[in-house]
Amino acid sequence: MPNRLAQATSPYLLQHADNPVDWWPWETDAFEEARRRDVPVFLSVGYSACHWCHVMAHESFEDDDTAAYMNEHFVSVKVDREERPDVDAVYMEAVQAATGQGGWPMSVFMNPDGEPFYFGTYFPPEPRHGMPSFRQVLEGVRAAWVGRPEEVAEVAQKIVRDLAGRQLDYGKAGTPGPEELAQALLGLTREYDAARGGFGGAPKFPPSMVLEFLLRHHARTGSEGALQMAVDTCEAMARGGIYDQLGGGFARYSVDRDWVVPHFEKMLYDNALLCRVYAHLWRATGSELARRIALETADFMVRELRTAQGGFASALDADSEDPLTGAHGEGAYYAWTPAQLREVLGEDDGALAAGYFGVTEEGTFEHGTSVLRLPQDGPAVDAERIDGIRARLLAARAERPVPGRDDKVVAAWNGLAIAALAECGAYFERPDLVERATEAADLLVRVHFDAAVGRAPRLARTSKDGRVGANAGVLEDYGDVAEGFLALAAVTGEGVWLEFAGFLLDLVLDRFTAEDGSLYDTAHDAEKLIRRPQDPTDTAAPSGWTAAAGALLSYAAHTGSEAHRTAAERALGVVQALGPRVPRFIGHGLSVAEALLDGPREVAVVGHPEDPARAALHRAALLGTAPGAVVAVGLPQSAEGGEGEFPLLAGRGLVDDLPTAYVCRHFVCARPVTDPAELAAQMGAAGG
């Protein structure tokens with residue numbers, strides 16, 4: 001019989017709806033039930049594409065005896081970290097502070113007031129590798145709760161006090177200047193893996209936001225070292241197993257330093273961020289490899305993550321049924337043996353494919369299989385023949401059991417996808433991608449916006465199948481969606497997207513900002529947890545703090561709003577504090593700081609929409625590499641405009657009756673130009 005999770009909108013929670021565990025969703029009634037029964041709360045946090053979450057569920061939560069013990073002695077609460085990043089952040093901070101590490105599944109035991117006293121991540125069904133079994137943990141917690149209640153209470157109160165003492169005070173720091181960004185670059189250089197690309201050792205994550213910083217730093221300063229790190233890392237990832245050589249798109253991370261074997265889950269946020277990075281790399285260098293990867297990643301998102309309502313699903317699972325063994329395993333959909341290649345392609349093409357994609361008899365992955373990649377020493381072959389091989393292998397792979405998809409639409413990650421698809425569509429003359437971006441933006445406005453009369457307006461965090469979820473958006477939702485809308489406005493010339501971005505950013509100023517300018521992850525009127533989450537560091541995606549700072553800065557450049565500019569500058573105090581010390585974990589903040597130092601430049605392009613000369617100027621503006629430049633395009637001031645006009649277009653007329661571009665920065669405007677080449681020079685020269 002299904003438990004309380006059967007009514008959830010989260011695919012992850014629905015995966016647990018038939019567990020024998022009497023799960024509760026995160027709600028007040030669960031804690032009231034624990035208080036009534038005088039039992040601890042067991043909180044389990046995960047997400048649908050998490051491999052070890054599935055393993056622990058199968059081993060423990062589907063076991064009748066374990067479930068019976070949990071039901072008798074605990075109130076068990078299941079949380080999807082993607083739906084409730086605030087709950088995840090607060091308790092993950094406690095886990096990391098107590099154990100020195102974190103991850104998912106996250107297992108937390110707490111009292112009915114939500115105060116935690118024991119933590120862990122994955123627990124096996126039997127003791128192994130120095131870890132206690134999950135049953136041992138349950139019994140130990142139960143014994144402490146019953147036999148040592150004063151000790152449990154003391155531990156819980158100490159943890160809450162310690163968390164309260166970690167309040168951030170970055171709002172009073174000054175804005176980052178050239179010196180801090182140079183120090184950040186030096187720090188990245190020290191951690192750079194010159195032999196393999198990327199930063200640090202294994203596991204190695206795609207450093208999308210750091211790469212964006214490197215590209216912007218090169219554009220502002222001309223630093224060849226910054227550009228080279230970006231170029232080499234992007235090429236190493238594109239040639240590695242972390243990139244799907246058949247279907248496009250990136251896996252979550254590489255388990256090794258060489259990008260060979262990935263953790264196979266594919267996340268929307270990774271692919272949106274990397275799609276944009278490769279598009280910007282192409283914009284900076286003209287690299288054909290960068291162009292191909294950007295477009296293939298965009299096409300992957302549209303083909304495999306787009307939902308029926310026009311939004312984008314959160315993730316594809318790492319696990320699927322292995323065609324060789326029949327077992328459910330990680331990476332089974334993506335790995336190949338030489339024999340499997342020959343079966344699909346025949347002897348000659350099979351041998352060619354094995355050499356080209358690095359598939360060996362020994363294998364690079366499990367059970368003698370290999371993850372497809374493009375080894376540097378691969379044979380030079382006919383590109384048309386390889387394209388045919390790719391198509392045949394992709395068709396054959398489609399016959400395998402496919403990984404599951406988390407159909408939940410997360411506002412923040414759709415904002416990132418909107419920005420990436422809009423820009424790729426504009427750069428590579430793919431209007432279909434701009435249409436997909438517009439459809440996703442329409443969905444967010446139609447389904448995720450809630451401005452009901454009598455209630456404060458808000459942005460909902462998630463939806464599924466067109467039905468909005470119950471959870472309020474957090475700061476990253478407001479920042480990333482505003483960023484997506486601003487990118488869409490620049491590409492389409494539709495001022496309504498600028499207006500929507502302004503609506504969201506006004507809410508950021510009103511509901512997420514402290515008096516000192518620092519930002520909180522949740523709104524002032526959000527559910528009260530044991531601590532109000534506030535994390536400025538960029539991890540797999542931009543933090544809400546830095547995402548909001550970037551959108552605030554762009555909106556201020558569009559509108560001249562001093563309030564939004566000041567808020568952005570104050571929020572960037574965190575970059576001055578953290579950039580020189582931990583640049584790998586503040587990459588998006590560093591990128592926004594580069595835009596601040598450059599201006600950012602404000603570009604207005606005026607002309608009649610049917611005039612190809614206006615289109616050429618608009619394209620030159622979008623292809624400019626000046627960090628964070630904002631672009632408005634529309635009718636000249638003298639022509640009849642319409643609602644939703646961009647403030648940057650005010651007073652802008654034609655020069656010599658020709659479409660004209662105006663570039664301003666730091667309250668100074670350059671000479672208006674009618675030639676795309678002159679505009680490109682104003683938009684692209686380092687330090688220009």
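Asp29 sits in helix α2, residues 28–37; helices (H or I, at least four residues) and strands (E, at least two) are DSSP runs, numbered from the N terminus. The model is predicted: local features need pLDDT of at least 70, side-chain atom pairs count only at pLDDT 80 or more, and totals for chains, interfaces and linings use all residues. Residues are numbered from 1 along each chain as its sequence is written, and side-chain values use heavy atoms, with hydrogens and water left out.

**Asp29**

- Asp29 has a relative accessible area of 48% and is therefore partly exposed; buried means under 20% relative accessible area, exposed means over 50%, and partly exposed lies in between (1.4 Å probe, protein chains only).
- In sequence, Asp29 and Pro112 are 83 residues apart, while in space their C-alpha atoms are 10 Å apart.

**Salt bridges in the whole structure**

- The whole structure contains 48 salt bridges, where a salt bridge is a side-chain nitrogen of Lys or Arg within 4 Å of a carboxyl oxygen of Asp or Glu.

**Asp244 and Lys266**

- Asp244 and Lys266 form one of these salt bridges, with 2.8 Å between the closest N and O atoms.
- Asp244 is in the loop between α10 (224–239) and β5 (253–254), and Lys266 is in strand β7 (residues 266–267), so the pair ties together parts that are 22 residues apart in sequence.
- Both Asp244 and Lys266 are buried.

**Arg291 and Glu288**

- Arg291 forms a salt bridge with Glu288, and their closest N and O atoms are 3.9 Å apart.
- Arg291 and Glu288 are separated by about one helical turn because they are three residues apart in helix α12 (residues 288–305).
- Arg291 counts as partly exposed, because its relative accessibility is 29%.
- Glu288 counts as exposed, because its relative accessibility is 51%.

**Arg306 and Glu439**

- A salt bridge joins Arg306 to Glu439, the closest N and O atoms being 2.5 Å apart.
- This pair links distant parts of the chain, 133 residues apart: Arg306 is in the loop between α12 and β8 (313–316), and Glu439 is in helix α17 (residues 431–448).
- With a relative accessibility of 28%, Arg306 counts as partly exposed.
- Glu439 also counts as partly exposed, at 26% relative accessibility.
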